[in-house]
Each structure stands twice: as structure tokens, then as C-alpha cells.
Amino acid sequence: MPAPIASTQRSQALALLKRRGLLRLAEFGEAGITATTVSRMERAGEVVRLARGLYQLADAALDPQQSLAEAARLVPKGVICLASALAFHGLTDQMPPKVWIAIGRKDWRPRVSYPPIRVARFSDELLQRGVEHKKIAGTPVPVFGVAKTVADLFRYRRTVGDALAIEGLRQALRQRKATPADIAREANVAGVWATMEPYVMALTSDA
């Protein structure tokens with residue numbers, strides 16, 4: 001590759017990473033930046049490979065929630081959900097060992113070795129509902145909102161455990177990050193209001 005072309009691609013790659021935070025190799029390719037250029041930049045210590053096909057600037061600040069951003073970049077159609085969303089919103093002290101990510105019922109199961117992920121399958125309606133776009137490690141990350149996350153925890157309570165679902169509900173109400181009406185609306189859509197209503201009534205009557 002002629003030096004001027006390589007230099008131009010390097011400049012483009014650095015600019016993209018500064019703007020987006022994390023980039024997949026395929027995204028470099030879409031911008032006209034070859035895998036050879038990325039490899040050279042990695043050898044030169046300008047970029048680091050976080051996972052297979054995922055890169056970041058070597059001097060980028062480490063975000064404590066970075067694993068969520070990495071998972072979101074590697075699973076483009078996914079949404080951070082359940083225990084991982086609860087932790088992101090500051091509603092539990094428990095840090096899940098794997099990143100929970102929701103995908104569609106018919107989507108291919110992602111093959112990601114790092115970061116460790118755990119997949120939950122959602123209907124198209126529930127996958128598109130209550131999604132908030134947050135910036136983590138410089139990259140936009142889709143995360144379910146608080147009320148939606150609490151309802152989902154009750155929907156998946158046999159998997160995540162009753163204790164975590166109840167803790168999420170209690171903290172969401174205590175920290176006023178979701179109103180009882182918000183939670184009731186999401187619970188109705190998720191089909192779990194009958195299960196959640198006694199807990200909501202008990203927690204709000206104590207408030």
C-alpha cells in the first residue's frame with residue numbers, strides 16, 4: 001500500500017475512533033480502511049484489540065461500564081437488559097459476571113468469546129420498547145429504561161431470581177427513577193402486572 005494512502009487511512013481510523021469510541025473491523029472496512037492498516041496501527045500501539053474484530057484507541061480512558069459498550073458493539077441488534085441494565089442504572093450493587101443482552105427471537109445467537117455475554121430473547125415488540133441510548137466509553141449503547149428493566153426482571157424472575165427483581169423494584173421506587181405508573185404500564189405490556197402489583201402496593205404504601 002503506498003505510504004500516502006496508508007497515512008490517509010490511519011488518519012481516518014484515528015478520527016473515527018475518537019468520534020465513536022469503539023469500532024468493529026467491518027466498520028473500518030465500510031469507511032474504506034483496510035484490515036492491513038488496522039493491523040499496522042495495532043502493532044504500532046495506536047489501537048488495541050479488545051475482542052475479535054473490536055478496536056479502541058490505546059490511550060482511551062477506561063470506563064467502568066466498558067463491557068456493556070463492547071457487548072453492544074459486537075451484537076449490533078442487541079439491547080443491554082435485565083441485571084446488566086439494572087446495574088447500569090445504579091439500582092443494585094450486584095455486578096453480573098456476564099453482560100445480559102436482549103436479541104430478537106429469530107436473531108442468530110452471537111458467538112462472542114469476550115466480553116462474556118448472556119442472551120435473553122425478546123419479542124420484536126418488547127425488544128423495541130423502552131430503549132434508551134446512553135454513551136459509554138464514547139460509543140452509543142442501547143439500554144432498556146428503568147421501568148422496562150424492572151418489568152423484565154419479573155418476567156425473567158425464574159432465571160435472575162426473585163430477590164434481584166424485588167430489589168430492582170424497591171430501588172427504582174426509592175430512588176424515584178421510575179414512578180409506580182411507569183412500572184405498572186411496562187408490567188402490563190410484559191404480562192407480569194398480576195405478579196408485581198402486590199409488591200408495588202406494599203412498597204408504595206410504606207413510602
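Tutor: Contact means that heavy atoms lie within 4.5 Å of each other. Keep that in mind, and remember that this model is predicted.

Student: Which residues does Thr-139 touch, leaving aside those up to four places away in sequence?

Tutor: Its contacts are Arg-20, Leu-22, Ala-69, Arg-73 and Lys-134. Thr-139 itself belongs to strand 8, residues 139-144.

Student: Why is Thr-139 called buried?

Tutor: Compare its value with the cut-off. Buried means under 20% relative accessible area. Thr-139 has 0%, so it counts as buried.

Student: How many aromatic pairs does the structure hold?

Tutor: Four. One of them joins Phe-28 and Tyr-55.

Student: What makes the pair of Phe-28 and Tyr-55 edge-to-face?

Tutor: Check the distance, then the angle. The centres are 6.1 Å apart, and rings pair if their centres lie within 6.5 Å. The planes make 70°, and an angle over 60 degrees counts as edge-to-face. Therefore the pair gets that name.

Student: What makes this a link between distant parts of the chain?

Tutor: Phe-28 is in helix 2 (residues 25-30), while Tyr-55 is in strand 3 (residues 54-57). They stand 27 residues apart. Both Phe-28 and Tyr-55 are buried.

Student: How do you know how to classify the rings of Phe-122 and Tyr-156?

Tutor: Their planes meet at 15°, with centres 5.8 Å apart. Planes under 30 degrees apart count as stacked, so this pair is stacked.

Student: What does that pair tie together?

Tutor: Parts that are 34 residues apart in sequence. Phe-122 lies in strand 6 (residues 117-122). Tyr-156 lies in the loop between helix 7 (146-155) and helix 8 (157-160). Phe-122 and Tyr-156 are both buried. Ring pairs also bring in Phe-144, giving a cluster of Phe-122, Phe-144 and Tyr-156.

Student: Why is Lys-148 said to sit over the ring of Phe-144?

Tutor: Its charged end is 3.8 Å from the ring centre. The limit is 6 Å, and the charge must also be within 35 degrees of the ring normal. Arg-155 lies over the face of Phe-122 too, at 4.5 Å from the ring centre.

Student: Now the sheet. In what order do its three strands come?

Tutor: The order is 1-3-2, with antiparallel pairing in an open sheet.

Student: What makes strand 1 and strand 2 edge strands?

Tutor: Strand 1 (22-24) and strand 2 (47-51) each pair on one side only. From one strand to the next, the twist averages 35°.

Student: How do you know that strand 2 and strand 3 pair?

Tutor: Count the bridges. Pairing needs at least two. Four bridges join strand 2 to strand 3, so the two strands pair. In one of these links, Val-48 has Gln-56 in strand 3 as its bridge partner.

Student: Which strands does helix 3 touch?

Tutor: Helix 3 (residues 35-43) packs on the sheet and touches strand 2 and strand 3. Its direction makes about 105° with that of strand 2. Helix 4 (residues 66-74) lies across strand 1, strand 2 and strand 3, at about 25° to strand 1.

Student: Is Arg-176 buried or exposed?

Tutor: Exposed means over 50% relative accessible area. Arg-176 has 76%, so it is exposed. It lies in the loop between helix 9 (162-174) and helix 10 (180-190).

Key: Residues are numbered from 1 along each chain as its sequence is written. This is a predicted model: local features need pLDDT of at least 70, side-chain atom pairs count only at pLDDT 80 or more; totals for chains, interfaces and linings use all residues. Side-chain values use heavy atoms; hydrogens and water are left out. Buried means under 20% relative accessible area, exposed over 50%, partly exposed in between (1.4 Å probe, protein chains only). Rings of Phe, Tyr and Trp (its six-membered ring) pair if their centres lie within 6.5 Å; planes under 30 degrees apart count as stacked, over 60 as edge-to-face and the rest as tilted. Axes are lines fitted to C-alpha atoms, for helices over the stretch in contact, and angles run from 0 to 180 degrees between N-to-C directions.
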